[in-house]
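Please keep the sequence and the structure in view while reading.

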Amino acid sequence: MLKNWLKIYGAHQIKNKVYFILTLLGLAIGLWGVLLAYLYYKEEVRYDQWNPYKDEVFLVNTDLSDRDVWTYAPYAFGSRLPDLGVKDHMYLPNYSSGYFEIDGEKRFFTKGLLVQSNFFEFFPFEIVQGNNVLDEPNSIVVLDTYAESLFGENVIGKSVRYKGEWFVVKGVYSFGGKQSSIAPTVLFSGMEKNVVNNEDNWGDYNATLYLKPTDPNQIDRIGRGMKQLLYDNLYTRLAQEKGKTVEAYLKESGDFIESFRLFPLSGQHMITDARANGTLERSVDMSRFYIVIGLAVSILFLSVVNYVNLSLVQSLKRNKEIVVQLIIGGSYFTVFKQLFLESVLTLFFASILSCVFVEFTLPTIRVFLHSNMTFILVDCLAFLFLFIISIALSVSGILYFIIRRISIFTLLRGQLVLKATSFGVRDLMMILQFVIASFFIVSTMIVYQQVHYMLDKELGFSQEEILVLPFLTNEVEGNKVRLYDVYKKELSAIPGVQQVAGISFRIGEGGYNSTSLSYNGVSLQVANVAMDVEFLSLLKIKIVEGRGFQSELASDTLSTILISKKFKEKVGDEDLVGKQVIWNGTPFAVVGIVDNYHAKGLTTDYLPIVYFRNETIPWLVEQEQEIYLRFDPAQIDQVLADVEKIYKKRNVSAYPFSYEFLDKRFEKNFIDSIQERNILLVLSVLAVFIALFGLYSLVSFNLTNQYKEIAIRKVLGASNIEQMKQLSRQYFFIVVIGFGLAIFPSYYFMNAWLSNYVFRIHLDWMNFLLAFLVLMLLTFVTVLIKVHQALQVKVLKYIKHE
């Protein structure tokens with residue numbers, strides 16, 4: 001019997017190969033989406049789950065109210081935390097990069113981390129060689145995958161030189177294939193020194209604070225205690241210096257006391273608000289995560305519904321085969337088993353095809369989702385098995401239920417006369433398909449327009465023909481400034497170089513020094529930027545009020561500043577030029593207002609910025625890491641060659657010479673949005689194809705049951721035009737209802753997506769109208785093709801028994 005069923009299955013698929021291929025493609029696409037979503041979820045959810053302390057460790061966030069959220073906390077809290085119910089704590093700064101001097105060679109590393117001696121009490125990575133001694137000065141513990149490339153064999157006990165000091169390798173650790181929110185390659189001992197040196201510094205926010213509360217249920221009390229400590233040790237002192245109460249001081253200055261919130265390590269990687277992620281590895285973009293899951297389920301739903309529709313159509317064509325099975329003694333359950341086997345085979349072939357799709361598309365999806373997700377077939381077998389069995393049972397069960405309710409005589413005649421409710425369920429499923437297809441079409445149009453808007457929007461400065469040169473020198477304070485002056489002078493003398501200037505801010509990448517200040521009772525967090533006099537003109541950034549810095553004015557190096565237009569808007573003073581602003585306790589005169597520009601891309605608002613001359617704040621100049629150079633594009637090759645010669649001659653840095661074009665850097669800021677547009681476009685095409693294919697299946701099913709009706713109308717003289725109107729009307733009604741139901745979710749979710757962008761398009765009703773017209777046109781073509789085929793029926797074949 002099984003052999004016969006396989007032969008029958010093969011014969012039917014060959015006979016209806018177009019339907020079979022389309023069915024496989026639809027199911028494979030649906031399963032492809034769900035497989036990718038499953039792999040994505042499986043990869044991201046396992047971050048830190050290996051860590052036995054994941055639910056005991058909490059990270060501290062500093063809430064600056066409407067200004068910002070920081071993931072750093074002052075070192076001064078450290079020694080006072082036991083009184084708040086904290087049994088252990090540690091501070092972690094950001095990763096660092098650099099190079100070791102080993103046997104006269106420079107070997108570069110990234111993700112170096114200065115840690116306290118109890119680091120492994122928070123992140124217990126496996127020690128595979130040596131020990132985890134981090135309480136000894138100048139000790140290093142290295143990641144196993146880095147150890148040999150950095151130090152060669154026999155790394156334990158090896159001495160290396162870093163920033164003029166000697167360090168000894170004491171141990172080697174391994175991640176063991178685990179995913180961690182902290183993933184350093186080199187651990188340096190000595191973080192305790194930073195903590196001790198700043199134990200009374202309540203304004204130094206340079207490291208993330210990790211806590212182990214005695215009672216994890218008391219984290220809110222710990223947060224309140226930290227706020228009270230800040231009140232007692234910082235704001236009380238500041239108020240006393242002014243001769244005021246704390247409340248009066250806060251009211252006059254427009255300041256407020258920061259709040260502190262604690263978040264568990266176990267939830268950091270998939271935290272909803274990415275600003276609260278204090279770990280050093282990136283967190284999941286949860287909005288994108290939910291979008292991926294939702295799209296995958298939607299496409300799978302479309303695919304499965306289509307498969308049910310097509311199976312019903314194919315079963316109708318096999319009416320005589322089913323009747324023969326029942327007449328010769330077969331049972332309806334036997335028919336069910338045959339249908340189940342056929343569904344399993346079809347789903348099995350679709351699963352193989354979906355695995356091929358996953359293998360080919362995974363590299364692109366990894367980049368888009370910023371995920372290390374991997375596809376190992378063995379790990380997915382249980383998932384695929386459950387998918388195949390559950391869908392096969394559902395489809396064969398539906399077919400069994402329908403066939404069981406039909407008499408053998410009706411089956412023999414080939415007319416499935418079902419109750420209206422049966423068609424109502426099918427129509428409802430079709431409406432849901434068009435809701436999803438409409439959502440995809442509208443979303444694709446809106447995403448395309450937003451990306452186009454971002455690519456075309458003026459950034460507020462000229463980014464073309466700007467070369468960005470790293471200035472990562474290891475020169476000590478003072479020497480760096482002298483090197484900068486010499487380096488800049490020689491760069492300016494290169495033929496083809498038009499202007500050279502430096503700034504303590506990485507345009508297009510963020511990362512800046514900031515200060516809290518108050519003006520007229522308004523408190524705000526401002527970016528502190530030191531720059532050359534020529535910088536604004538180099539990038540063609542406008543001065544909208546007052547004047548810019550002038551090299552011939554000595555006062556510009558002492559007591560004057562420029563502020564951004566956003567600063568002016570924040571404080572609400574229309575006449576700031578000529579007035580004084582108190583910055584870090586020192587009065588500075590505002591001599592000009594700099595126009596706003598997109599320093600960090602379009603997803604963030606303009607920054608309130610205070611600009612200083614390089615000479616004004618020496619320590620701020622030390623933070624300059626880039627030099628900007630405007631060049632003649634006709635001489636770029638020679639310019640690059642000459643810049644590299646000077647770079648090597650002046651020994652600017654131990655790092656190899658590198659450069660970047662500013663316009664290319666900004667293009668990177670839009671890569672994610674462009675990828676979203678492209679992937680959504682592909683998914684939209686797939687969703688519309690599957691929905692229209694489903695409509696084609698529904699039309700096929702319904703028309704197969706209406707052949708006798710069509711034949712009778714022909715005999716009675718109905719024209720083809722009249723028949724087409726009569727037969728097509730219900731399907732356009734389905735599309736209209738589906739699109740109407742899709743309007744609200746499309747508007748809601750796309751408005752939520754656009755809210756990620758401070759600078760965005762506004763939703764226009766034309767988007768919905770155009771999407772509706774596109775969908776109606778595609779529906780008209782699909783229905784017209786099938787109805788035209790139905791009108792070619794042979795009249796005598798369907799009325800010969802009447």
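The model shown here is predicted. Two or more lining residues are given by each of the helices H2 (17-45), H7 (286-317), H9 (332-369), H12 (420-456), H19 (671-704) and H21 (720-754). Among these contributors, H7 supplies the largest share of the lining, with ten residues.

The setting of this pocket may now be described. The chain contains 23 helices and 23 strands, and its C-alpha trace spans about 105 × 60 × 60 Å along the principal axes. Of its 802 residues, 52% are buried. When contacts between residues at least 6 apart in sequence are considered, 81% of them join residues at least 24 apart.

The largest nonpolar core has 99 residues, and the members that touch the most others are Leu347, Met373, Phe434 and Phe440. Helix H12 provides the largest share of this core, namely 14 residues. Which residues does Met373 touch, leaving aside those up to four places away in sequence? They are Leu36, Leu39, Tyr40, Glu43, Leu362, Ile365 and Arg366.

In H18, which runs over residues 662-669, the buried residues are Leu662, Arg665 and Phe666. These residues lie on the same side of H18, because the arc they cover around the axis is only 95°. In general, an α-helix has 3.6 residues a turn, so residues three or four places apart point the same way. The partners of the buried residues of H18 are strands: they pack against E13 (466-470), E22 (626-631) and E23 (660-661).

Attention may next turn to the backbone. Most residues other than glycine have a negative phi. Asp48 has a phi near 70°, a positive value in a residue other than glycine. Asp48 belongs to the loop between H2 and strand E1 (58-63). Is Asp48 buried or exposed? Its relative accessible area is 0%, and Asp48 is therefore buried. Lys111 also has a positive phi, near 60°, and this residue is located in strand E5, which covers residues 105-115. Because its relative accessible area is 29%, Lys111 is classed as partly exposed.

Phe744 is part of helix H21, one of the helices that give two or more residues to the lining of the second largest pocket. Phe744 counts as exposed because its relative accessibility is 60%, and the cut-off for that class is over 50%. Phe744 and Leu576 are 168 residues apart along the chain, and their C-alpha atoms are separated by 46 Å.

Notes. Residues numbered from 1 in each chain as written. Predicted model: local features only at pLDDT ≥ 70, side-chain atom pairs only at ≥ 80, totals over all residues. Heavy atoms only, no water. Buried < 20%, exposed > 50% of the residue type's maximum accessible area, 1.4 Å probe, protein only. Helix = DSSP H or I, 4+ residues; strand = E, 2+ residues; numbered from the N terminus. Arc of directions from axis to C-beta. Contact = heavy atoms within 4.5 Å. Core = buried A, V, L, I, M, F, W, Y, C linked by side-chain atoms within 4.5 Å.
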